[in-house]
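I opened my notebook for a friendly look through this one. Here is what I looked up, entry by entry.

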Amino acid sequence: MFRLEVRTSTPAWFNLALPLLAIGATLILCSGLIALAGAGVLEAYGVMFTASLGDSYAITETMVRAAPMIFTGLAVAVAFRAKFWNIGAEGQLLAGAVASCFVGAIPMPGPLAMVLMALAGAAAGAAVALVPATLRVKFKVDDVVSSLLLNSVIYYALMALIEGPWKDSFSGYPISPPIEDSANFPVLLEGTRLHLGVVVALIAAPLIWFLIVRTTLGFRIRVTGENPEAARYGGIHVERVLISTALLSGALAGLAGVGEVGGVHFQVMSDISPGYGYSGIVVAMLARLNPLGVVPAAIFLAAVMTGAEAMSRATGVPAFLSDVIQGTALLAMLVALLFTAYRIRRVGAAR
Amino acid sequence: MPLPAPLIEMRGITKRFGAVKANEAVDLSVAPGEILGLLGENGAGKTTLMNVLFGAYAPDAGEILIQGQPVRITSSADALAAGIGMVHQHFHLAPRLTVLENLLIGIPGKTGRIDRAGGLARLAEIGRQHGLTLDPNLPVSALSVGEQQRLEIVKALFRGARLLILDEPTAVLAPSEVDGLFSALRSMAAQGLGIIFISHKLNEVRALTHRCTVLRHGRVAGRVDDPANTTSSEMATLMCGHEIVPPARGPSTPGAAVLTLDGISTSKHSGTPLRDVSLAVRAGEILGIAGVSGNGQRALAEVISGTRVPDAGQMTIAGSKVSRFSPREVQALGLGRIPEDRMTTGLVTNLPLADSMVLPRIGTAAFSSGGLLKPDAIRAFAEAQINAYDIRCPGPMTRAGALSGGNLQKALLARELAFDPKVLVVSQPTRGLDIGAARFIHEKFLDMRAKGCGIIVIGEDLEELLVLCDRIAVMYEGRIVGTLDSADATVARLGLMMTGAEGHS
C-alpha cells in the first residue's frame, strides 16, 4: 500500500524533473490514442520529432510557433505568481493583434511602425486585462470567470470588426486589410519565416525573470501571491500590485498578438490564434511559473503542434492529437506538482 | 502499587525525516486508568510520536503493542479499530452537520441505514458516564469551542476508544472550561481508559497527570513518576536540558512618551470597534493591554500598526503626528510591529525565510534601490539575524513555513529589533511557544526596555502581563476601562476589570 506524506522541503532538481516526468507520462498516455488510430507509436512520434525539430527549417517553423506561446506563457506565469488568475490571455492576444494591425496599416517609416505596433498591442492587451483585475479589486468578482468570459467578448468583437468595417470589399472574405509592407517584421533567415518577433520573445523571457526575481515589483508580486495578508501588513499595496500585474500580464499577451500580425499573418483574421492564449496556461504550468522555463515549455508545445500536422499527413492520425497532448500535459503537470508538497511512502511493508 | 499491564506500549520508536531524527528509540506506555503527560518543547517530537501512534506516519523502527499484542497501525482507521482516539488541536468536524450526524459519520449502520436511535442512546450513555453532555440536534457551527472539543472526545469514545490522545486541549479553552475538561478526563481514567495529555502548561500537567514522559530532541529525556509533587521548574529543566529562570524586571525610569493615542475611534469593521481610546507609552516602559479576547484589542493593534485608519483621534510616534496610518509611515517614524498571527499576517510560509524577514522594509535603501533588489544585502541581513537570534533553520533560503513557531517568532522579532524601534507593538507574543522560546522573547523585551524602547504588549495571559509589564491597561467593549501599575495589579483585580465591573484611571 502507498500513502502520501507531507514534505518538509522540495529538492531543487524537482523543478527540472517534474516537467520532464509530466511530458514523459503524457507521451506514454497519448501513445494509446495513436495505437487506436491504427498507427505505429514510435513511427508517429518519430515523424512528429523530425517534422518539428529534425532540420533547421523545421526548427525555425517551431520557433515561429513558439514565440506567441512564450509571450502568453510569460503573461500567465506573471499573473499566476500574484495569484491573479488570468485565463484571458487569448482575448488579450486578439486585442493586441487588432490594435497592432490598426497601427500597422497607417503609412509611416517601418521601424517607427513596428515600435508603435508593439506599444499599441501591449496597451490593448493591458487594457483588456485591466477589466477582470479592476472587477476583482473593486468588487471581488472572481477573476477566473471574468477573464475567461472576456475572451468570448473580444473574439466576437474581432469577428464583428472583420465581418463589418474591415471586411475585404473585393473578395468578401472576413479578413482585415493588410498592414503596410514596411511594417512587416524583418525575416532573420532567408527562406524561412523566422521573424524579429521571435527574437523579442526570447529576450522577453530573461527580462521577465529579472523583473520577478530581482526587482521590488517582482518581490511584491511574489509576496502578494503567496500571502496577501502578510503583504498588506508589510506595507504592500496589494490592490496596486494586482493591477500592475494585470497590466504587465495583459501587455505580454498583447505582444503575442503583435508578433502574429507583424511577423506571420500581416493582417487579422478569425483564426489568427489557434488558442495560443490557452496554451499559455499549459506553458506556464509546465514551466512551474518560472519565466526562464517558459521558453523550453513553449518550444515543446510548438513542436507538438508543428509535428502533429506532419504526423497526420504521414500516418493518418488526426492532428487533433496535438490538442490532446496539450491537455494531457497540463493534467500530468498538475498531478506532478502534487509531489512538490507530498512524498509517496510505502506502508505496511515488512521491516 | 504495581500498575496493571500496559494498555498500550510503544517500544523503540524511531522516525526519520531525511537526515532529521524526529523520534529516536522512544519508549512510552500507558496503563488502563492512567493519565500520562507527554511533555517537550516545540520540535521535541511529541506530535510526530502521536502521529506514529495514530497511524499518520509509519515508524522507521520500533513496535507498538496493545495489551501485549504487537499491532501494525497504518492509518487512522487502524488506530480507531485498535481503540486509539485522538483529539487534535484543530478539530475535524463538519460544521453544517449536527452533533449526532458528526458522531455517525463513517459508522456503518445495519443494512446500510443510519442508526440514529442507537446513536442517540449511546450519546446519552456517554454523557451520563463522564458528564459530557451535548445537544444531539445542534449543528456544530452553533457550538462553542469548548463544546466542539467535547464532541471530539465523545466521538472518540463513541468509536470505542480505550486510549485517548489530547494534543494541547486547553490551549483553546477558557479557564472555567478547563475544569470541566479535567473532571471528564478523570472520570474516564477512573473507568479504566488510558489518556495521553500533551500540554505546555506545567501547572495543568501537575494537576492532572499520574505520570509524565518528557521528550527532548526526539529522545526520552526523562520520566516523572509523581508530577503532583514535582515542581514546574524541575519539569522545565527536563524539557529544556537546563534550568529556566523567569526573567527579572528591574526598576525602570520611563522617559518621554514615545507613542500616544488620543481619542481614537474606529467603525465599520468586523469585530469590536475602538471607542475614544487614549493611552501613552513612555520610553523604557512596557505597557500591557489586558482584556477578554474580542474587546477591541485587534482594532487597537491594527490602528497602531498602520493597517487601519481610525475615524477620529490622533496618534503620535516619537513626537511626530501620524497622518496616513500606513504601515510604511508608522515604520518610518520608528514603530516596530509584531502581529498576532505569525503564520497568516507575519510571514510568507511558501517563500524563503529571508523574504519574510525583509518584507516590511523591502522598499527602503537597506534592501533595494531604484526598484532593484539588493539580493546580497537581503541575504546578509537574514543570515546576521539568524545567527544573532539563534533561529534554527538550514539557512536564509529555507521555506519559512518549515520553521517551528518559536523560531518564526524569533524571526519576526529580529526583523523589527534590527531597526532599533523607538516603540514596539506586539500581540500575543508567546502564544503557542514553549517555555524556552517564551523566555527568550521576554528577555528581548526587557533588553529593549532597558535601551529605552517603549513596548506595548496586547495579550490575554494575565500572568505573563504581570511578569512583563510596568503598567497594565484593561480593555472592555472597545474602551480602556482603567490602568493599573503592575505593583497594584493582581489577576483577580484585572479579571474583575475585564468584565467591565470596575473602572480605574
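Among contacts in chain A between residues at least 6 apart in sequence, what percentage join residues at least 24 apart? I found 78%, where two residues are in contact if their C-beta atoms, placed from the backbone, lie within 7 Å.

**Ground rules.** I noted that this is a predicted model, in which local features need pLDDT of at least 70, side-chain atom pairs count only at pLDDT 80 or more, and totals for chains, interfaces and linings use all residues. Residues are numbered from 1 along each chain as its sequence is written, while chains are lettered from A and ligands numbered from 1 in the order in which they are written.

**Chain A overall.** I found 13 helices and 2 strands in chain A; helices (H or I, at least four residues) and strands (E, at least two) are DSSP runs, numbered from the N terminus. The radius of gyration of chain A is 21 Å, close to the 20 Å of the globule rule for 351 residues, so chain A is as compact as a globular protein of that length. That radius is taken over C-alpha atoms, and the rule is 2.2 Å times the number of residues to the power 0.38. Along the principal axes, the C-alpha atoms of chain A fill a box of roughly 80 × 60 × 35 Å.

**Where A meets B.** I see 22 residues from chain A and 30 residues from chain B in the contact. On the chain A side, α8 (216-226) and α9 (228-233) are the elements that give two or more residues, and α8(A) gives the most, with 6 residues.

**Chain B domains.** I listed domain 1 (8-240), domain 2 (248-334 + 422-505) and domain 3 (350-420), with bounds from an automatic or database domain assignment. The centres of domain 1 and domain 3 of chain B, taken over C-alpha atoms, are separated by 37 Å.

Most residues other than glycine have a negative phi. I looked up B:Asp276, whose phi is near 55°, a positive value. B:Asp276 sits in the loop between β11 (257-265) and β12 (277-282) of chain B. Why is B:Asp276 counted as partly exposed? Because B:Asp276 has 14 C-beta neighbours inside 10 Å.

I also noted B:Glu477, with a positive phi of about 45°. B:Glu477 lies in the loop between β21 (471-476) and β22 (479-485) of chain B, and is partly exposed, with 14 other C-beta atoms within 10 Å.

How values were computed
Buried ≥ 20, exposed ≤ 12 C-beta atoms within 10 Å, placed from the backbone.
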